[in-house]
Amino acid sequence: FPIPATLDRRNEPFNPTSGSILRLNAEQSVPIGQGSIFMNRLRGSYSHYIPVRWLNFNDGPQALAFNAQVGTILGDVPPYEAFSLGGTNSIRGYEEGDVGSGRSYAQFTAEYRFPLFSFLGGALFFDAGSDLGSGNAVPGAPGPSRGKPGSGFGFGLGARVQTPLGPLRIDYGFSDA
């Protein structure tokens, strides 16, 4: 059973340049039958956008975007429910899950977004995250047993293409590994 709460104060949802958004989410499992799992996954994220005018490639909005995320699992933690770190929506520059997985996590992203053409934008980014030392708290310790570091950072550049279906993001990142 998911229980979400959102406070959205961004100036626009797809390409915000000012404001903030706070998201809180709790997911409660209900143990039914054999092998049932009783857990509560808690997550929170806060994004803040600051308008800037640093480059003059093209007219259009520029912004600094900051995002912080935290999460933890209370109760049972099956390995497939652990928080996975690394990849496209986590720490760019790493492959999916290559930083590790844990019962808890914290993650931070900073991004500078700027226009290149009317339909194309650029981005410079920095991501960092950690399983907060909780990799061994997952049954079988899948992260530590595979030699995953549990924390890391990535940085790089990306392109943002505006399509009729919404924005398309393409990033190329480097990791500290």
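Analyst: Start with the cut-offs for burial. A residue is buried under 20% relative accessible area, exposed over 50%, and partly exposed in between. Bear in mind that the model is predicted.

The part to look at is arginine 92. With a relative accessibility of 7%, arginine 92 counts as buried. Its position is in the loop between strand 5 (83–85) and strand 6 (100–102).

Now its charged partners. Side chains of opposite charge can pair when their charged atoms come close. Take glutamate 111 to begin. Arginine 92 makes a salt bridge with glutamate 111, and their closest N and O atoms are 3.0 Å apart. Glutamate 111 sits in strand 7 (residues 104–115), so this pair ties together parts that are 19 residues apart in sequence. Glutamate 111 also counts as buried, because its relative accessibility is 7%.

Next comes aspartate 127. The side chains of aspartate 127 and arginine 92 form a salt bridge, at 2.8 Å from N to O. Aspartate 127 belongs to strand 8 (residues 120–130), so its pairing with the loop residue arginine 92 links parts that are 35 residues apart in sequence. Both aspartate 127 and arginine 92 are buried.

Then aspartate 171. Here the closest N and O atoms of the salt bridge to arginine 92 are 3.0 Å apart. Aspartate 171 lies in strand 10 (residues 166–175), so the bridge ties together parts that are 79 residues apart in sequence. Its relative accessibility is 24%, so aspartate 171 counts as partly exposed. The search over the whole structure finds twelve salt bridges.

The site also has an open side to consider. Arg92 and Asp171 are among the residues that line the second largest pocket. That pocket has a volume of about 220 Å³. Its lining also includes Gly87, Thr88, Gly93, Tyr94, Glu95, Glu96, Arg169, Tyr172 and Gly173. By class, the lining divides into two nonpolar, four polar and five charged residues.

Follow aspartate 171 to another neighbour, glycine 158. Glycine 158 touches Asp171 and Ile170, along with Gly121, Gly122, Ala123 and Phe125, leaving out residues up to four places away in sequence. Glycine 158 is in strand 9 (residues 151–163). It counts as buried, because its relative accessible area is 12%. Its C-alpha atom is 5.7 Å from that of glycine 122, which is 36 residues away along the chain.

Finally, the nonpolar side. In soluble globular proteins, nonpolar side chains tend to be buried together. The largest nonpolar core here has eleven residues, including Ile91 and Tyr94. Other members of the core include Met39, Ile73, Ala82 and Phe83. Isoleucine 73 is in contact with Met39, Ala82 and Phe83, and among its other contacts are Asn40, Arg41, Glu81 and Arg103, again leaving out residues up to four places away in sequence.

How values were computed
Residues are numbered from 1 along each chain as its sequence is written. This is a predicted model: local features need pLDDT of at least 70, side-chain atom pairs count only at pLDDT 80 or more; totals for chains, interfaces and linings use all residues. Side-chain values use heavy atoms; hydrogens and water are left out. On a 1 Å grid over the protein atoms alone, a cavity is a set of points where a 1.4 Å probe fits but cannot get out, and a pocket is an open set with protein on both sides within 12 Å along at least five of seven lines; lining residues have an atom within 4 Å of a point. Grid points are joined across faces, edges and corners, and a volume is the space filled by probe spheres set on the points. Ala, Val, Leu, Ile, Met, Phe, Trp, Tyr, Cys and Pro count as nonpolar, Asp, Glu, Lys and Arg as charged, and the others, Gly among them, as polar. A salt bridge is a side-chain nitrogen of Lys or Arg within 4 Å of a carboxyl oxygen of Asp or Glu. Helices (H or I, at least four residues) and strands (E, at least two) are DSSP runs, numbered from the N terminus. Buried means under 20% relative accessible area, exposed over 50%, partly exposed in between (1.4 Å probe, protein chains only). A nonpolar core is a set of buried Ala, Val, Leu, Ile, Met, Phe, Trp, Tyr and Cys residues joined through side-chain atoms within 4.5 Å. Contact means heavy atoms within 4.5 Å.
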